[in-house]
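Thanks for coming. I will go through one structure today, a few places at a time.

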Amino acid sequence: MANEVVLLDLKASPFAARVRIALEEKGIEYKSKVEDLSNKSSTLLKMNPVHQQIPVLIHNGRPICESMIIVQYIDEVWSHKPSLLPSDPYRRAHARFWADYIDKKIYPIGRNLWASKGELKESSKKDLIQCFKILEEELGDKLYFGDESFGYIDLALIPFYSFFYTFETLGNLCMAAEFPKLVEWGERCLRKESVSKSLCDQKEVYEVVLQIKQKLGIE
């Protein structure tokens, strides 16, 4: 059977970016099919009938959904390439813990920051700052979250680097001043071709967010 890999994709999605990076890290050829979430394709509805969201990886006709589940699938199926997850069981569990933390905190809190106003916006700003402080402490003086090389935690977090300008502009933050180690880490990750070619530009993400705000009627 041919090794056909298709990604139901969206350029500005941090979740789709994770999958793009994983595919590039493993050197896997794939076809990107960009979705319009305001007019979802029959393929998306068929391949992800439960959530009807991207990303969806279609490998030889079979769908895999949810970004970090897809990343783990890629790591296991293409195991002859360098692993994204650590081989040591404790370090592997540690990496999954932080990926789960990122999933549960950064996007939902960040979305509240730019998609709300008043007290909710202010509380979301405080929560997001606290999350970034915790992540910066975890990074410490290491080059990457996994230590000396780009890995699973880095892959989970780096797509949100594309949102830093949005957080700064709409949340009145200065990421470089408040979280210099995270910004340096983000710049370091961007020097990897697998990351730079997979991430959406910060200003482009900001424009997408403004369009969403307009649709939601939020000034």
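Is Glu-187 buried or exposed, or something in between? With a relative accessibility of 39%, Glu-187 counts as partly exposed. On those words: buried is under 20% relative accessible area, exposed is over 50%, and partly exposed lies in between, with a 1.4 Å probe and protein chains only.

Before going on, what you are looking at is a predicted model, where local features need pLDDT of at least 70, side-chain atom pairs count only at pLDDT 80 or more, and totals for chains, interfaces and linings use all residues. Residues are numbered from 1 along each chain as its sequence is written, and side-chain values use heavy atoms, with hydrogens and water left out.

Glu-187 sits in helix α9, residues 180–190. Helices here are DSSP runs of H or I with at least four residues, strands are runs of E with at least two, and both are numbered from the N terminus. The C-alpha atom of Glu-187 is 8.9 Å from that of Tyr-161, and these two residues are 26 apart along the chain.

Next, the strands. Strand β3 covers residues 56–59 and has both faces covered. Val-56 and Ile-58 are buried on one side, Leu-57 and His-59 on the other. Strand β1, residues 5–9, runs antiparallel to β3 and is joined to it by four bridges. Strands count as paired if DSSP finds at least two bridges between them. In that pairing Val-5 is opposite His-59. Strand β4, residues 62–65, also pairs with β3 in the antiparallel sense, over four bridges, and there His-59 is opposite Arg-62. The hairpin of β3 and β4 has two residues between the strands, and in it Asn-60 has a positive phi near 50 degrees.

Most residues other than glycine have a negative phi, and most peptide bonds are trans. The peptide bond between Ile-54 and Pro-55 is cis, with omega about 0 degrees. Pro-55 belongs to the loop between α2 (42–47) and β3. Gln-52 is found in the loop between α2 and β3 and has a positive phi, near 55 degrees. Gln-52 is partly exposed, at 31% relative accessible area.

Which residues of α7 are buried? They are Phe-164, Thr-166, Phe-167, Leu-170 and Gly-171. Viewed down the axis of α7, the buried residues fall within an arc of 165 degrees, so they line one face of the helix. The arc is taken from the directions from the helix axis to the C-beta atoms. The cover over these buried residues includes α4 (89–114), α5, α8, α9 and α11 (202–216).

Just after α7 comes Asn-172, with a positive phi of about 55 degrees. Asn-172 is in the loop between α7 (164–171) and α8 (175–178), and at 64% relative accessibility it counts as exposed. The backbone oxygen of Asn-172 is 3.4 Å from a polar atom of the Lys-125 side chain.

Lys-125 itself is in helix α5, residues 118–139. Lys-125 is buried but has no salt bridge, and the nearest side chain of opposite charge, Glu-122, is 5.0 Å away. A salt bridge needs a side-chain nitrogen of Lys or Arg within 4 Å of a carboxyl oxygen of Asp or Glu. Apart from neighbours within four places in sequence, Lys-125 is in contact (heavy atoms within 4.5 Å) with Leu-113, Gly-171, Asn-172 and Leu-173.

That leaves the charged pairs. How many salt bridges does the structure hold? There are eight. One of them joins Lys-197 and Glu-24, with the closest N and O atoms 3.6 Å apart. This pair links distant parts of the chain, 173 residues apart: Lys-197 is in the loop between α10 (193–196) and α11, and Glu-24 is in helix α1, residues 14–26. Lys-197 is exposed at 51%, whereas Glu-24 is partly exposed at 26%.

Asp-75 and Lys-26 form another salt bridge, at 2.9 Å from N to O. They too are distant in the chain, 49 residues apart, with Asp-75 in helix α3 (residues 67–77) and Lys-26 in helix α1. Asp-75 is buried at 8% relative accessibility, and Lys-26 is buried at 1%.

Finally, Asp-100 and Lys-104 meet in a salt bridge of 3.0 Å, N to O. They are four residues apart in helix α4, so about one helical turn separates them. Asp-100 is partly exposed at 35%, and Lys-104 is exposed at 58%.

Notes
Lys, Arg positive; Asp, Glu negative; His and termini not counted. Polar contact = N/O pair within 3.5 Å; in protein donor to acceptor, adjacent residues only side chain to side chain.
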